[in-house]
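Biologist: I am new to this structure. Please show it to me, and then we can go through it in questions and answers.

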Amino acid sequence: MWQPVCRVVELEVERGATALVHGQALAIFRTQDDTVYALGNHDPFAKASVIARGIVGVRGGVPFVASPAHRHAFDLRSGKCLDDDHVSVPAYDVRVVDGVVQVGQRKD
């Protein structure tokens with residue numbers, strides 16, 4: 001089931017926004033090329049909901065967000081931590097329909 005979150009133009013480029021989707025606190029990001037990603041907002045290292053306040057960048061062709069707490073980088077596409085293979089945050093399917101960001105199911 002897809003849940004509308006906001007209009008894509010309301011998302012600042014390379015800045016996170018938070019949204020409650022399917023009962024989960026998510027961090028939503030829009031990159032320079034207007035791709036939109038959704039990750040769980042909880043940082044497993046800091047044990048705090050801070051992912052949306054992270055710094056967006058690219059490392060080796062991988063779009064990521066670095067948590068503001070401990071600077072661990074998470075792949076925006078999969079939620080996998082680029083600094084620790086054993087850690088990840090949930091990633092969610094995202095689509096934009098008629099300018100509206102919609103978040104779907106959690107990716108496996």
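Biologist: Over how many bridges do β8 and β9 pair?

Modeller: Strands here are DSSP runs of E with at least two residues, numbered from the N terminus, and helices would be runs of H or I with at least four. Two strands pair if DSSP finds at least two bridges between them. β8 and β9 pair in the antiparallel sense, and the count is 3 bridges.

Biologist: What are the ground rules for this model?

Modeller: It is a predicted model, in which local features need pLDDT of at least 70 and side-chain atom pairs count only at pLDDT 80 or more, while totals for chains, interfaces and linings use all residues. Residues are numbered from 1 along each chain as its sequence is written, and side-chain values use heavy atoms, with hydrogens and water left out.

Biologist: Which residue in β9 stands opposite Phe-64?

Modeller: β8 covers residues 62–66 and β9 covers 73–75. The residue in β9 that stands opposite Phe-64 is Asp-75.

Biologist: In which loop is Arg-71 found?

Modeller: Arg-71 is not a glycine, yet its phi is positive, at about 70°. Its place is the loop between β8 and β9.

Biologist: Is Lys-47 buried or exposed?

Modeller: Lys-47 lies in the loop between β5 (42–43) and β6 (48–49), and has a positive phi of about 55° although it is not a glycine. Buried means under 20% relative accessible area, exposed over 50%, and partly exposed in between (1.4 Å probe, protein chains only). At a relative accessible area of 66%, Lys-47 is exposed.

Biologist: Which residue in β11 is the bridge partner of Arg-7?

Modeller: Strand β1 (residues 3–7) and strand β11 (residues 100–106) run antiparallel and are joined by 4 bridges. β11 is also joined to β10 (residues 91–97), by 5 bridges, and there Val-97 stands opposite Val-100. The bridge partner of Arg-7 in β11 is Val-100.

Biologist: How many disulfides are there?

Modeller: A disulfide is a pair of cysteine sulfur atoms within 2.5 Å. Cys-6 counts as buried at 17% relative accessibility, and Cys-81 is buried at 3%. By the distance rule, the number of disulfides is 0.
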